[in-house]
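Hi,

Here is the structure I promised to send over. Have a look at it first, and my notes on what turned up follow below.

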Amino acid sequence: MKFEAYLEEVLPADTTFEQVKQVLDGRGWTWVQRIPAAEGQFLEEIWLVDGNRGAVRYIRDHFLDVSILRAESNVDLMVGGILNELEPLLHTFRLLTLMKMGDAADPRERAFALCGMAAIGERFYAGIFNALKSAAGDPDPRFRELAVRCISRYPWFQFIKVLQEVSARETVPELRESQLALIDGIRQHGKRGI
């Protein structure tokens, strides 16, 4: 069954698959499929939601190290309703919340927010762009490396200038190579527009 509308939210970092399974099974939803992780494929577990309302996918993004819940339905507003049912039980993070966390003082919270935004952000949002731009120029090379990974998942043409500027002053040779390679990748396959 193919669904037209979907909405994604990020699960807290400490949420296990078993906790998600327990919540979804506890609602009486029917587990239907497991798609194993592979080089170009994330691990997915799929449940059908009761009343033919749609489906929920648990997605483990091993590249950015985040887990996602994706509600799908043929009724546009239904996806939000499905996730609203799950939020009090799983405490998921919506895109707007992640954007607010993007400049958190706690490095773990900030890194989680950056990965979450890159994983579920599809359109160009200034909040995501600014958070990733800040990370790309961070004094800490771990954030600069994380920015490269996140931008590769959120590859808007607007990052070319940012990456050119940070690569010109990058002090870690391997990271500079990654930044330059990402510039080429965005030029070839990046998203255009605003």
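His91 sits in the loop between α2 (78-90) and α3, where helices (H or I, at least four residues) and strands (E, at least two) are DSSP runs numbered from the N terminus. Its phi is near 55°, a positive value in a residue other than glycine. With a relative accessible area of 49%, His91 is partly exposed; buried means under 20% relative accessible area, exposed over 50%, and partly exposed in between (1.4 Å probe, protein chains only).

Before going on, please keep in mind that this is a predicted model, in which local features need pLDDT of at least 70 and side-chain atom pairs count only at pLDDT 80 or more, while totals for chains, interfaces and linings use all residues. Residues are numbered from 1 along each chain as its sequence is written, and side-chain values use heavy atoms, with hydrogens and water left out.

Asn52 also has a phi near 55°, again positive in a residue that is not glycine. Asn52 belongs to the loop between β3 (43-49) and β4 (54-61), and it counts as exposed at 77% relative accessibility. For background, most residues other than glycine have a negative phi.

Now to the helix packing. The axes of α4 (residues 107-120) and α5 (residues 126-136) come within 10 Å and cross at roughly 130°; axes are lines fitted to C-alpha atoms, for helices over the stretch in contact, and angles run from 0 to 180 degrees between N-to-C directions. That makes α4 oblique to α5 (under 35 degrees is roughly parallel, over 145 roughly antiparallel, 65 to 115 roughly perpendicular, and the rest oblique). On the α4 side, the contact (heavy atoms within 4.5 Å) is made by Arg110, Leu114 and Met117, and on the α5 side by Gly127, Ile128, Ala131, Leu132, Ser134 and Ala135.

Leu114 turns up again in the largest nonpolar core, which has 39 residues; Leu114, Ile151 and Phe159 have the most contacts inside it. Such a core is a set of buried Ala, Val, Leu, Ile, Met, Phe, Trp, Tyr and Cys residues joined through side-chain atoms within 4.5 Å. α4 gives the most to this core, with 8 residues. Leaving aside neighbours within four places in sequence, Phe159 is in contact with Phe129, Leu132, Lys133, Ile151, Tyr154 and Ile186. A second, separate core has 18 residues, including Leu11, Leu24, Leu69 and Val79.

Best wishes
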